[in-house]
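Me: I am new to this structure. Please show me how to read its features, one at a time.

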Amino acid sequence: MSTAIRDTHTIESGLLSGLLSDDTFWPVTPRDTAETGLSDSFIESLLLKTVLNIGTLSGRNIGEQMGLPLRVIEPLLERLRTRKLVVHVRPAPFNDYYYSLSENGQRAAQQHMQNCSYTGPAPVVLSDYVLSVEAQTAGLEPIDRDQLQQALQAISYQDELLDQLGPAVNSNAGMFLFGPPGNGKTTVARCLTQCLGQEIWIPHAILDDGNLIKLQDDAYHRAAPVPEGDGVVHSQEWDRRWLRIQRPTVIVGGELVMENLEVRHDRQSNICEAPLQMKSNCGCLLIDDFGRQRIQPEELLNRWIVPLENRLDFLTLPTGKKIQVPFEQLIIFSTNLNPDQLVDEAFLRRVPYKIFVDDPSEEEYRAITKGVAAAFGFEHGAEAAEHLLKLYRRENRNLRRCHPRDLLTQVRNYCRYRKIRPQLRPEFLDMACRSYFSEL
């Protein structure tokens, strides 16, 4: 169970959580197996596999490994002991025992491992996951210009970009960021997730119709601390099957294939992997360098045209069952190409915001160069900017926001190689330009 409206006890817990946290969703600790939504047989199999993997454990330690309190698993431990699958090894503190597997228990655990090798926090049922996404999406407040400026404070951009990005973020309808390469489209997209504010809760894994789907992914999900109370309440109770994380930003580029957008099933382990759009729910999904993936833009169009319209996605499980899951994230397509050249009108209508990220002005280029020079420990950043701008004008070269960082990095590396203090001499800048721009 994971919603805060169940009965009097649960409502009180939810109210307490609301007083101590700004979270719009709080996973309530289950009081018994029924409130987990899982069958006794499933929890027993996970329990046996946990002891098989780790060895002798106290009841509380088994519960910690499974993300369930001792009061939930203790009746099951006694049942397994009655069936002679686990045995008491010795007493443990606080009226607990250390448990180990009997020979029969080892055989049973190995059989369960062959059926599904997953061990770790117990999964939550699909309906609880869906409710969590809906609650955490509904809790989002529209952003304003000040919040957007705060999110983008570490990067350089043209001021008019703010008034285009703000409405696009608030619409939660998706956007194209397009324009010449090297001007920070990907960086802007990364920063936008910060505008969405508070942390969110995700389950480690989801169970539906006997299919276990692993959702938590260290590549995209960064753990966030759980708020602590004051005074008598030292910390809030929560269902340990859930993890509090920073709002995720999932970035995929040219490596994207259609399989990444579907539930992937490992036949050997019998564990499913959640698709990228599920891992990015309540966060941001960035399709970087759109149009250069291994799949054609039209294929992506056909796959996502319904989710973009209805904010719902349909996935097929290994058993053939189709499930409906939320499609609730800020989805951004970043490309160096004009969107009109990539996809048809039907797709463009479902991604209503097309935002052009232009080259910097000379004034902005000067500011970027001076900032990079200061960060790298160089003096005379202003003079370096003027020298570079003369080279750009002479070669009729377009300015890019990434150039000051890339060129000054080459100068810094050269100074280190020569074992001289960092300095922006004109000949060093000329050499960096020849190397970087492949000039003869």
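Me: Which residues lie nearest the centre of the largest cavity?

Reply: On a 1 Å grid over the protein atoms alone, a cavity is a set of points where a 1.4 Å probe fits but cannot get out; lining residues have an atom within 4 Å of a point. Here 14 residues line the largest cavity, and Tyr129, Ile200, Ile202, Met278 and Asn281 lie nearest its centre. This is a predicted model: local features need pLDDT of at least 70, side-chain atom pairs count only at pLDDT 80 or more, and totals for chains, interfaces and linings use all residues. Residues are numbered from 1 along each chain as its sequence is written, and side-chain values use heavy atoms, leaving out hydrogens and water.

Me: Which elements give two or more residues to that lining?

Reply: Helices (H or I, at least four residues) and strands (E, at least two) are DSSP runs, numbered from the N terminus. In this lining the elements are α7 (126–138), β6 (200–203) and α11 (276–279). The largest share, four residues, comes from α7.

Me: What is the volume of the largest cavity?

Reply: A volume is the space filled by probe spheres set on the grid points, which are joined across faces, edges and corners. For the largest cavity that is about 60 Å³. The whole structure has three cavities of 30 Å³ or more.

Terms used
On a 1 Å grid over the protein atoms alone, a cavity is a set of points where a 1.4 Å probe fits but cannot get out, and a pocket is an open set with protein on both sides within 12 Å along at least five of seven lines; lining residues have an atom within 4 Å of a point.
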